[in-house]
Structures are given as structure tokens and as C-alpha cells.
Amino acid sequence: MKAIINGKCILPDEAGDFKVREGLVLLFDEKIRHILTKEEFAAKRYAPAAEITEIIDAQGSYVSPGFLNVHIHGCVGADTMDDAPEAIHKMQLFQAQTGVTSFLPTTMTYDFLTLGRAFAHVREAMKRQDGARVLGCHMEGPFISPEKKGAQAEKNIVPADFTKIAPYQDIVKIITLAPEELHDDGHFIEECHKHQIVVSLGHTAADYDTARKTIEKYGAKHITHLFNAMTGLHQRRPGVVGAALDTDANCELIVDNVHIHPAVQRLVYRLKKNHLILITDSLRACGLGDGPSELGGQKVFVKGTLATLEDGTIAGSVLCMNDGLRIFRENTEAPVEEVVATVTKTPAKELHLYEELGSLSIGKKADITMFDDDFCIQRTIVAGRDAYLQK
């Protein structure tokens, strides 16, 4: 076993709320085995046969559950849609550098022949133990609204059909769709839920009533990048944004200060902090700096934190997860433990994985991220193995 000492551990209390606790020692192999006080550790009050192979001194840094990124298209020149097995592997290695221990490579609106190849690469990546873990994929389109396609290719948009995704039900964990395009009394959503696929509202021109009905009656309680590519909040037309804020739907938020103004981040935090999932929605240009790039077969231009299509449409982000957490904390002044919960506990619960990961709890996978006060990542541990170590 390994031991982490001198850290500020982010742990669930008796009510399940995350709290920062000092003076504890975390013992783990592939799973978390013991959480002891320093005195208990010194007295060796753990399995007597266990040998401590490494003591990791956190030196006052935070010791957190590993981050989950449920919406990411690419980074460091690689994209989920690349027909190359090494693409997702590159993403796995880079995500670990940003504190992410598990993620959902996210597909674009393509034809199903192309999507099938991407799904095959995701399925193979789920077996790989190197870098961050691949949990499956987030399928963004092609069952979306042409009116709110954003950076998605309109020529590939088609009506929702569960038979199209049935062969991939083992890997599709979230699917983004436009509810106004369904016209089936919730049948498609019901089929998704039978296979534990989270249905998310996004790239949608739905009105408030349609969105709220889909959330409350049909149980589609996830919103893809809130505010972006959907009907906005108007005092007489609350839209999808109004329905998201007026229900218990979990809301994705891209917190790069490009997609969402800091003031809006503060408002959403106050309304949705227990139903908030921070994401990156990053494209292949993430981690590469300024210059031309690509998304879904379309040219993208990156300057600073802004990525746009040729017509100026915002096209994903170049955000890293740890930077997003830092930005969100600066904008909202939220406690570190609440910021961490948005990328650990909340997404893990939604994906039906909280029994396995999402918190530092005895018996769960030893997915651990260590970072300083500025969310600079010092060490990322996936199932007990080092996935990233700051040099």
C-alpha cells in the first residue's frame, strides 16, 4: 500500500457533503483501504500484513477525488473523431496532466459509419490502463436541431432512432439531443434510460414548456453546455435555460470566461450548485496555443482562450479542467470543496458510478488528484497508479 500524508483531504462528511480535513493519512493500493489520523497511522492501526511501499508527502496540498470530464472532444492535436487509435490515447495522457482521472470522449454530428469507427476506438480505449480512464463516450448529436447546430455539421443531422445506437449501448453514457425533434411521447428517452444512458438537452430550439416536460415527465435531467446552442432566458419566454434553472436538471457549464460571463457563472452557482457539472468541451487545439485547427471537419481559429469557426461562431473551447476550476472559484468565491464536487460527486452520481468513484471513500477506486491553491496539478493517481507526476 501507499500512504499520503500532510494533505488537505477533501472528503464526504456524514451527510455526504464534501469538507476539507487536515491531519489525516490516506492509505491505498488500487482502492482506498484506510483513512486514518496521523496518530492511528503512527500506531499502525491498519491491516498488520500490509506493507507501506511509498509515503507521499502532500506538503499541505489538496488531496481530492480525481476529476471527471464528461464533455471533451479533444486536446493536444487529437480528437475523438480521429480514425486512429492513438488519438484517444493522447487525450488520456494529457487529461491526467489536468487532474482528470476519468472522462467521456465526445463525438460530433457525423454519419453513423464515421461514428461507428469513433465508437470502436472508444471501446478499445476503455480497456487501456494508461493516463486517465475512459468511461465510455458522450454522443453530442446527430439528433439535434438545425436551428441550434452551433459548430455541428447540419448535413449530418438526422431524426432520433435508438436502433442506430443500440450496437453501442455499452459505451454511450450521455447523449445530447433536441427534445422538440423527438415527437414520440418520450419513447426514445425511455429506451436510453433502460440502458443507463443519460439523456441531455442541447443544441435545441425548444421552448420552456417542451424542455420542462422533457426534464420532469421523461426524466432527461442533464443540460449540455448551459446557455450555449439553446433558447435563452427571456422574461416572457424562459426557454431551455429557464427550464434548466427551474428544475433539478444537472447543468454543464463551460467556465472559460468566453462561453459564460463571470456574473452569469455566479448566478448559476447560487441556483444550481448541487446540480452543476463543470466541463471543458475542449477541441484538439487545447494545449497547443494560437493558430488554425479543426472541429468536425470544419476550420477553427484559436486566439488566446477563443476558438471560432470562419463565420465567427464559437467552436468549443481550449480550456483545461484544472484551469476551469480555478476560474470558477475566482468568479464565484465558492469553497474549494464545492468546486471539486462539480467534477467528482455530481457527475459520478449521474453516471451511476458513485459506488465506485467520485469521492475519497474506503473501498472506492483510488482515483486521486493532488493540487495546490491555484489548482496546479501536482500528482494524478488512477486506480492506485501514477498517471501524472509534476516534474
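Helices (H or I, at least four residues) and strands (E, at least two) are taken as DSSP runs and numbered from the N terminus. The structure is a predicted model, in which local features need pLDDT of at least 70 and side-chain atom pairs count only at pLDDT 80 or more, while totals for chains, interfaces and linings use all residues. Residues are numbered from 1 along each chain as its sequence is written, and side-chain values use heavy atoms, with hydrogens and water left out.

The secondary structure of the protein consists of eleven helices and 24 strands. The radius of gyration is 21 Å, close to the 21 Å that the globule rule gives for 391 residues, so the protein is as compact as a globular protein of that length. This radius is taken over C-alpha atoms, and the globule rule is 2.2 Å times the number of residues to the power 0.38. Along the principal axes, the C-alpha atoms fill a box of roughly 65 × 45 × 40 Å.

Of the 391 residues, 58% count as buried; here buried means under 20% relative accessible area, exposed over 50%, and partly exposed in between (1.4 Å probe, protein chains only). Contact means heavy atoms within 4.5 Å. Among contacts between residues at least 6 apart in sequence, 70% join residues at least 24 apart.

Aromatic side chains were examined next. Rings of Phe, Tyr and Trp (its six-membered ring) pair if their centres lie within 6.5 Å; planes under 30 degrees apart count as stacked, over 60 as edge-to-face and the rest as tilted. By this rule the protein has nine aromatic pairs. One of them is the stacked pair of Phe41 and Tyr46, with 5.9 Å from centre to centre and 25° between the planes. Phe41 counts as buried at 16% relative accessibility, and Tyr46 counts as buried at 12%. The ring centres of Phe371 and Phe375 lie 4.6 Å apart with their planes at 10°, so this pair is stacked. Relative accessibility is 0% for Phe371 and 0% for Phe375. Together with Tyr62 and Phe67, Phe371 and Phe375 form one aromatic cluster.

Two buried loop residues illustrate contacts within the fold. Leu351 lies in the loop between helix H11 (345-350) and strand E22 (368-371), and its relative accessible area of 11% makes it buried. Apart from neighbours within four places in sequence, Leu351 is in contact with Leu68, Val70, Leu104, Leu135, Lys173, Ile174 and Val198. Thr344 is placed in the loop between helix H10 (336-341) and H11 and is buried, with a relative accessible area of 0%. With neighbours within four places again left aside, the contacts of Thr344 include Phe18, Phe67, Leu68 and Gly358.

Backbone geometry was considered last. Most residues other than glycine have a negative phi, and most peptide bonds are trans. Gly141 and Pro142 are joined by a cis peptide bond, with omega about 15°; Pro142 belongs to the loop between strand E13 (137-140) and helix H4 (162-165). His203, which is not a glycine, has a positive phi of about 45°. His203 occupies the loop between strand E15 (198-201) and helix H6 (208-216) and counts as buried at 4% relative accessibility. A positive phi, near 50°, is also found at Asp281, in the loop between strand E18 (276-279) and strand E19 (291-295). Asp281 is buried, with a relative accessible area of 6%.
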